[in-house]
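I open this notebook to record what I looked up in the structure. The entries follow the order in which I consulted it.

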Amino acid sequence: MTKAYDRIKNYVNRTPLEESFYLGDEERRYFFKLESQQRAKSFKIRGALNKMMTLTEDEKNCGVAAISSGNHGSSVSYAASILGIKNVIVIVPLGTPISKIDKIKYFGADILQLGKSYDEAHSLGMKYINERGLTYIDAYYSDPEIYGGQGTVAIEIVEQNKDIDTIVVPIGGGGLITGIAVAAKAINPAIRIIGVQTEACPAMLKSYEDNVFYEEYPSEESLCDALVGGVGKLSYEMAKDYVDDFIAVSEDSIARAVSFMAKEEKYIVEAGSATAVAAIMDYRERIGGTNIALVISGGNIDGDVLTAILTKY
(Lines give C-alpha, C1' and ligand atoms only; values in the text may rest on other atoms or scores of the structure.)
Protein backbone atom coordinates (compact mmCIF):
# COMPACT_ATOMS: atom_id res chain seq x y z
CA MET A 1 0.00 0.00 0.00
CA THR A 2 2.84 2.40 0.77
CA LYS A 3 4.29 1.82 -2.70
CA ALA A 4 0.90 2.61 -4.19
CA TYR A 5 0.61 5.77 -2.12
CA ASP A 6 4.08 6.96 -3.11
CA ARG A 7 3.18 6.30 -6.75
CA ILE A 8 -0.11 8.25 -6.86
CA LYS A 9 0.11 10.86 -4.11
CA ASN A 10 1.22 13.67 -6.41
CA TYR A 11 -1.78 13.10 -8.71
CA VAL A 12 -4.71 12.59 -6.31
CA ASN A 13 -6.25 14.87 -3.73
CA ARG A 14 -5.46 14.20 -0.09
CA THR A 15 -9.14 14.52 0.71
CA PRO A 16 -10.35 16.14 3.96
CA LEU A 17 -11.32 14.19 7.06
CA GLU A 18 -14.02 16.50 8.38
CA GLU A 19 -15.85 16.06 11.67
CA SER A 20 -19.64 15.80 11.47
CA PHE A 21 -21.60 18.69 12.94
CA TYR A 22 -24.64 16.57 13.77
CA LEU A 23 -23.87 12.85 14.15
CA GLY A 24 -21.60 12.99 17.19
CA ASP A 25 -22.41 13.00 20.89
CA GLU A 26 -20.52 12.91 24.18
CA GLU A 27 -19.47 9.31 23.58
CA ARG A 28 -18.58 9.34 19.90
CA ARG A 29 -17.13 11.57 17.22
CA TYR A 30 -17.73 10.94 13.53
CA PHE A 31 -15.51 12.07 10.66
CA PHE A 32 -16.28 12.13 6.93
CA LYS A 33 -13.45 11.03 4.65
CA LEU A 34 -14.54 13.06 1.64
CA GLU A 35 -13.46 11.06 -1.39
CA SER A 36 -16.36 12.85 -3.08
CA GLN A 37 -13.91 15.75 -3.35
CA GLN A 38 -11.53 13.96 -5.69
CA ARG A 39 -11.33 15.59 -9.13
CA ALA A 40 -13.57 12.91 -10.65
CA LYS A 41 -15.73 12.92 -7.48
CA SER A 42 -14.82 9.36 -6.50
CA PHE A 43 -12.20 7.30 -4.65
CA LYS A 44 -11.75 5.14 -7.73
CA ILE A 45 -9.10 7.43 -9.20
CA ARG A 46 -6.72 5.91 -6.65
CA GLY A 47 -6.94 2.35 -7.91
CA ALA A 48 -7.24 3.28 -11.58
CA LEU A 49 -4.20 5.55 -11.48
CA ASN A 50 -2.12 3.09 -9.47
CA LYS A 51 -2.83 0.36 -12.01
CA MET A 52 -2.34 2.54 -15.08
CA MET A 53 0.98 3.91 -13.85
CA THR A 54 2.31 0.32 -13.94
CA LEU A 55 1.32 -0.35 -17.57
CA THR A 56 3.98 -0.96 -20.21
CA GLU A 57 4.15 1.26 -23.28
CA ASP A 58 2.77 -1.61 -25.37
CA GLU A 59 -0.21 -1.97 -23.02
CA LYS A 60 -0.90 1.75 -23.26
CA ASN A 61 -0.56 1.79 -27.03
CA CYS A 62 -3.10 -1.01 -27.40
CA GLY A 63 -5.66 1.27 -25.83
CA VAL A 64 -7.27 0.85 -22.42
CA ALA A 65 -10.81 -0.12 -21.55
CA ALA A 66 -12.92 -0.25 -18.42
CA ILE A 67 -16.34 -1.59 -17.49
CA SER A 68 -18.09 0.62 -15.00
CA SER A 69 -21.32 1.78 -13.39
CA GLY A 70 -19.81 5.25 -13.73
CA ASN A 71 -17.21 6.16 -11.14
CA HIS A 72 -14.51 3.72 -12.23
CA GLY A 73 -15.03 4.81 -15.80
CA SER A 74 -14.60 8.51 -15.08
CA SER A 75 -11.51 7.70 -13.01
CA VAL A 76 -9.95 5.63 -15.80
CA SER A 77 -10.77 8.44 -18.24
CA TYR A 78 -9.20 11.01 -15.89
CA ALA A 79 -6.11 8.86 -15.23
CA ALA A 80 -5.63 8.39 -18.96
CA SER A 81 -5.70 12.16 -19.45
CA ILE A 82 -3.02 12.55 -16.77
CA LEU A 83 -0.82 9.86 -18.32
CA GLY A 84 -1.34 10.88 -21.95
CA ILE A 85 -3.13 7.67 -23.01
CA LYS A 86 -5.24 8.53 -26.06
CA ASN A 87 -7.36 5.47 -26.87
CA VAL A 88 -9.76 4.95 -23.95
CA ILE A 89 -13.12 3.16 -24.03
CA VAL A 90 -15.48 2.93 -21.07
CA ILE A 91 -18.35 0.43 -21.19
CA VAL A 92 -21.35 1.28 -19.00
CA PRO A 93 -24.80 -0.27 -18.54
CA LEU A 94 -27.84 1.27 -20.16
CA GLY A 95 -29.44 3.65 -17.67
CA THR A 96 -26.17 4.87 -16.17
CA PRO A 97 -26.78 8.34 -14.66
CA ILE A 98 -26.10 11.16 -17.11
CA SER A 99 -23.92 12.91 -14.51
CA LYS A 100 -21.52 9.96 -14.57
CA ILE A 101 -21.53 9.64 -18.37
CA ASP A 102 -20.80 13.35 -18.70
CA LYS A 103 -17.71 13.07 -16.46
CA ILE A 104 -16.38 10.10 -18.41
CA LYS A 105 -16.71 12.06 -21.65
CA TYR A 106 -15.29 15.22 -20.08
CA PHE A 107 -11.95 13.56 -19.39
CA GLY A 108 -11.75 12.24 -22.96
CA ALA A 109 -12.89 8.60 -23.05
CA ASP A 110 -15.35 7.16 -25.54
CA ILE A 111 -18.55 5.64 -24.13
CA LEU A 112 -20.10 2.32 -25.12
CA GLN A 113 -23.40 1.37 -23.48
CA LEU A 114 -24.05 -2.37 -23.21
CA GLY A 115 -26.45 -4.42 -21.10
CA LYS A 116 -29.35 -3.62 -18.82
CA SER A 117 -27.42 -4.24 -15.58
CA TYR A 118 -23.81 -3.96 -14.42
CA ASP A 119 -23.36 -7.74 -14.50
CA GLU A 120 -24.71 -7.90 -18.07
CA ALA A 121 -22.52 -4.97 -19.13
CA HIS A 122 -19.52 -6.75 -17.64
CA SER A 123 -20.19 -9.97 -19.52
CA LEU A 124 -20.72 -8.21 -22.85
CA GLY A 125 -17.91 -5.75 -22.20
CA MET A 126 -15.27 -8.40 -21.53
CA LYS A 127 -16.16 -10.07 -24.83
CA TYR A 128 -15.76 -6.72 -26.62
CA ILE A 129 -12.42 -5.98 -24.91
CA ASN A 130 -10.92 -9.42 -25.54
CA GLU A 131 -11.94 -9.44 -29.21
CA ARG A 132 -10.15 -6.12 -29.77
CA GLY A 133 -7.04 -6.79 -27.67
CA LEU A 134 -7.56 -3.77 -25.42
CA THR A 135 -5.79 -3.43 -22.07
CA TYR A 136 -8.43 -4.03 -19.41
CA ILE A 137 -8.44 -1.87 -16.28
CA ASP A 138 -10.22 -3.91 -13.62
CA ALA A 139 -12.75 -2.16 -11.39
CA TYR A 140 -12.66 -4.54 -8.43
CA TYR A 141 -12.38 -8.18 -9.47
CA SER A 142 -8.89 -9.46 -8.79
CA ASP A 143 -6.18 -6.91 -9.60
CA PRO A 144 -3.97 -6.23 -6.55
CA GLU A 145 -2.83 -2.91 -8.04
CA ILE A 146 -6.44 -1.68 -7.95
CA TYR A 147 -6.90 -2.85 -4.36
CA GLY A 148 -3.59 -1.28 -3.38
CA GLY A 149 -4.65 2.08 -4.76
CA GLN A 150 -7.99 1.99 -2.95
CA GLY A 151 -6.21 1.12 0.30
CA THR A 152 -4.40 4.45 0.27
CA VAL A 153 -7.61 5.97 1.66
CA ALA A 154 -6.83 4.21 4.95
CA ILE A 155 -3.26 5.50 5.01
CA GLU A 156 -4.56 9.07 4.82
CA ILE A 157 -7.27 8.53 7.43
CA VAL A 158 -4.80 7.22 10.01
CA GLU A 159 -2.30 9.98 9.24
CA GLN A 160 -5.02 12.64 9.53
CA ASN A 161 -6.38 11.40 12.85
CA LYS A 162 -4.37 8.88 14.86
CA ASP A 163 -7.33 8.38 17.22
CA ILE A 164 -9.58 6.77 14.60
CA ASP A 165 -10.60 3.35 15.92
CA THR A 166 -13.38 2.43 13.48
CA ILE A 167 -13.77 2.90 9.72
CA VAL A 168 -17.16 2.45 8.01
CA VAL A 169 -16.96 1.70 4.30
CA PRO A 170 -19.56 1.18 1.52
CA ILE A 171 -19.32 -2.14 -0.33
CA GLY A 172 -19.98 -2.66 -4.02
CA GLY A 173 -17.57 -5.09 -5.64
CA GLY A 174 -15.41 -4.99 -2.54
CA GLY A 175 -12.19 -3.39 -3.76
CA LEU A 176 -12.49 -0.33 -1.53
CA ILE A 177 -13.27 -2.09 1.72
CA THR A 178 -10.69 -4.82 1.17
CA GLY A 179 -7.95 -2.34 0.33
CA ILE A 180 -8.86 -0.14 3.30
CA ALA A 181 -9.13 -3.08 5.69
CA VAL A 182 -5.76 -4.55 4.75
CA ALA A 183 -3.99 -1.18 4.90
CA ALA A 184 -5.63 -0.02 8.13
CA LYS A 185 -4.95 -3.24 10.02
CA ALA A 186 -1.35 -3.28 8.81
CA ILE A 187 -0.96 0.11 10.50
CA ASN A 188 -3.09 -0.66 13.56
CA PRO A 189 -4.57 -4.16 13.96
CA ALA A 190 -7.03 -2.84 16.56
CA ILE A 191 -8.90 -0.66 14.06
CA ARG A 192 -12.37 -2.05 13.39
CA ILE A 193 -13.62 -2.12 9.81
CA ILE A 194 -17.37 -2.12 9.13
CA GLY A 195 -18.72 -2.81 5.64
CA VAL A 196 -22.12 -1.55 4.48
CA GLN A 197 -24.30 -2.65 1.58
CA THR A 198 -27.77 -1.80 0.38
CA GLU A 199 -30.48 -4.34 1.18
CA ALA A 200 -31.38 -4.16 -2.51
CA CYS A 201 -28.12 -5.94 -3.46
CA PRO A 202 -26.29 -7.48 -0.47
CA ALA A 203 -23.93 -9.56 -2.60
CA MET A 204 -21.00 -9.66 -0.17
CA LEU A 205 -23.19 -10.38 2.83
CA LYS A 206 -24.96 -13.20 1.03
CA SER A 207 -21.70 -14.59 -0.31
CA TYR A 208 -20.50 -15.18 3.24
CA GLU A 209 -23.88 -16.26 4.59
CA ASP A 210 -24.31 -18.82 1.80
CA ASN A 211 -20.59 -19.66 1.48
CA VAL A 212 -20.89 -18.99 -2.25
CA PHE A 213 -18.81 -16.63 -4.39
CA TYR A 214 -21.45 -14.47 -6.09
CA GLU A 215 -19.58 -13.12 -9.08
CA GLU A 216 -22.98 -11.91 -10.30
CA TYR A 217 -25.89 -11.02 -8.06
CA PRO A 218 -29.41 -9.80 -8.89
CA SER A 219 -30.40 -6.38 -7.61
CA GLU A 220 -33.75 -4.94 -6.71
CA GLU A 221 -34.37 -1.35 -7.76
CA SER A 222 -31.78 0.77 -5.99
CA LEU A 223 -30.56 4.34 -5.62
CA CYS A 224 -27.06 2.89 -5.27
CA ASP A 225 -26.04 2.36 -8.89
CA ALA A 226 -22.39 2.16 -7.79
CA LEU A 227 -23.04 -0.75 -5.40
CA VAL A 228 -25.09 -3.19 -7.47
CA GLY A 229 -23.83 -6.43 -9.00
CA GLY A 230 -21.59 -9.20 -7.77
CA VAL A 231 -18.39 -9.10 -5.74
CA GLY A 232 -14.75 -9.36 -6.72
CA LYS A 233 -12.93 -12.68 -6.40
CA LEU A 234 -10.00 -11.23 -4.46
CA SER A 235 -12.33 -9.35 -2.14
CA TYR A 236 -14.42 -12.46 -1.48
CA GLU A 237 -11.29 -14.39 -0.60
CA MET A 238 -9.82 -11.71 1.68
CA ALA A 239 -12.49 -9.45 3.19
CA LYS A 240 -13.83 -11.97 5.70
CA ASP A 241 -10.41 -12.09 7.38
CA TYR A 242 -10.09 -8.32 7.71
CA VAL A 243 -13.61 -6.87 8.02
CA ASP A 244 -15.16 -6.97 11.49
CA ASP A 245 -18.83 -6.66 10.56
CA PHE A 246 -21.06 -6.49 7.50
CA ILE A 247 -24.30 -4.49 7.63
CA ALA A 248 -27.12 -3.99 5.11
CA VAL A 249 -29.21 -0.81 5.18
CA SER A 250 -32.57 -0.08 3.57
CA GLU A 251 -33.10 2.09 0.53
CA ASP A 252 -35.29 4.37 2.63
CA SER A 253 -32.49 4.87 5.16
CA ILE A 254 -30.04 5.56 2.33
CA ALA A 255 -32.31 8.23 0.85
CA ARG A 256 -32.68 9.86 4.26
CA ALA A 257 -28.90 9.84 4.64
CA VAL A 258 -28.44 11.54 1.25
CA SER A 259 -30.91 14.23 2.33
CA PHE A 260 -29.24 14.61 5.72
CA MET A 261 -25.84 15.08 4.15
CA ALA A 262 -27.14 17.77 1.78
CA LYS A 263 -29.50 19.63 4.07
CA GLU A 264 -27.60 19.39 7.37
CA GLU A 265 -23.92 18.65 6.72
CA LYS A 266 -23.92 20.54 3.36
CA TYR A 267 -22.27 17.79 1.30
CA ILE A 268 -23.59 16.41 -1.99
CA VAL A 269 -22.96 12.67 -1.93
CA GLU A 270 -24.16 9.78 -4.04
CA ALA A 271 -26.43 7.17 -2.55
CA GLY A 272 -23.77 4.48 -2.40
CA SER A 273 -21.64 6.75 -0.21
CA ALA A 274 -24.59 7.53 2.01
CA THR A 275 -24.82 3.88 3.07
CA ALA A 276 -22.06 4.60 5.61
CA VAL A 277 -24.11 7.45 7.09
CA ALA A 278 -27.30 5.37 7.03
CA ALA A 279 -25.48 2.66 8.97
CA ILE A 280 -24.67 5.14 11.74
CA MET A 281 -28.26 6.34 11.84
CA ASP A 282 -29.65 2.81 12.10
CA TYR A 283 -26.88 0.81 13.82
CA ARG A 284 -24.94 3.26 15.97
CA GLU A 285 -24.50 0.91 18.92
CA ARG A 286 -23.64 -2.10 16.77
CA ILE A 287 -20.93 -0.12 15.00
CA GLY A 288 -19.63 1.34 18.25
CA GLY A 289 -16.24 3.01 18.39
CA THR A 290 -15.18 6.35 19.82
CA ASN A 291 -13.62 8.09 16.81
CA ILE A 292 -15.28 6.78 13.68
CA ALA A 293 -14.35 7.57 10.06
CA LEU A 294 -17.11 7.29 7.46
CA VAL A 295 -15.79 6.87 3.93
CA ILE A 296 -17.82 9.11 1.61
CA SER A 297 -16.75 7.30 -1.51
CA GLY A 298 -18.30 9.46 -4.23
CA GLY A 299 -20.36 12.52 -5.09
CA ASN A 300 -21.69 11.69 -8.56
CA ILE A 301 -25.41 11.65 -7.84
CA ASP A 302 -27.80 12.31 -10.70
CA GLY A 303 -29.43 15.74 -10.36
CA ASP A 304 -32.97 14.47 -10.85
CA VAL A 305 -32.44 11.71 -8.29
CA LEU A 306 -31.09 14.23 -5.78
CA THR A 307 -34.01 16.57 -6.38
CA ALA A 308 -36.51 13.75 -5.85
CA ILE A 309 -34.84 12.69 -2.61
CA LEU A 310 -34.67 16.23 -1.24
CA THR A 311 -38.32 16.79 -2.11
CA LYS A 312 -39.44 13.63 -0.34
CA TYR A 313 -37.14 13.74 2.68
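**Entry 1: a strand pair.** I began with Ile167, which stands opposite Ile193 in strand 8. Strand 7 (residues 166-170) and strand 8 pair in the parallel sense over 5 bridges. I took helices (H or I, at least four residues) and strands (E, at least two) as DSSP runs, numbered from the N terminus; two strands pair if DSSP finds at least two bridges between them.

**Entry 2: basis of the entries.** I note that the model is predicted, that local features need pLDDT of at least 70 and side-chain atom pairs pLDDT 80 or more, while totals for chains, interfaces and linings use all residues. Residues are numbered from 1 along each chain as its sequence is written, and side-chain values use heavy atoms, with hydrogens and water left out.

Entry 3: I then looked up the open sheet of 6 strands, whose order is 1-2-10-7-8-9 and whose pairing is mixed. Strand 1 (17-19) and strand 9 stand at its edges with a single partner strand each, so one side of each has no neighbour in the sheet. On average, neighbouring strands of this sheet are turned by 25 degrees against each other, direction ignored. Helix 7 (residues 144-160) packs on the sheet and touches strand 1, strand 2, strand 7 and strand 10; contact means heavy atoms within 4.5 Å. The direction of helix 7 makes about 135 degrees with that of strand 2. For such values, axes are lines fitted to C-alpha atoms, for helices over the stretch in contact, and angles run from 0 to 180 degrees between N-to-C directions. Helix 9 (residues 203-210) lies across strand 8 and strand 9, at about 125 degrees to strand 9.

Entry 4: I found 4 strands forming an open sheet in the order 5-4-3-6, with parallel pairing. Its edge strands, strand 5 (110-113) and strand 6 (135-136), each pair on one side only. Strand 3 (residues 64-67) is joined to strand 6 by 2 bridges, and the partner of Ala65 in strand 6 is Tyr136. Helix 5 (residues 98-106) packs on this sheet, touching strand 4 (88-92) and strand 5. Helix 6 (residues 118-132) also packs there, touching strand 3, strand 4, strand 5 and strand 6.

**Entry 5: nonpolar cores.** Which residues of the largest nonpolar core touch the most other members? Among its 33 residues they are Leu23, Phe32, Val168, Met261, Val277 and Leu294. A nonpolar core is a set of buried Ala, Val, Leu, Ile, Met, Phe, Trp, Tyr and Cys residues joined through side-chain atoms within 4.5 Å; buried means under 20% relative accessible area, exposed over 50%, partly exposed in between (1.4 Å probe, protein chains only). The largest share of this core, 8 residues, comes from helix 12. A second, separate core of 32 residues includes Leu17, Ala181, Ala184 and Leu205.

**Entry 6: a helix pair.** Helix 2 (residues 45-52) and helix 4 (residues 71-83) pack at about 45 degrees, with their axes 8 Å apart. The contact includes Ile45 and Leu49 of helix 2 and Val76 and Leu83 of helix 4.

**Entry 7: positive phi.** Lys41, in the loop between strand 2 and helix 2, has a phi near 65 degrees. At 34% relative accessibility, Lys41 counts as partly exposed. Lys266, in the loop between helix 11 and helix 12, has a positive phi of about 70 degrees. At 62% relative accessibility, Lys266 counts as exposed.
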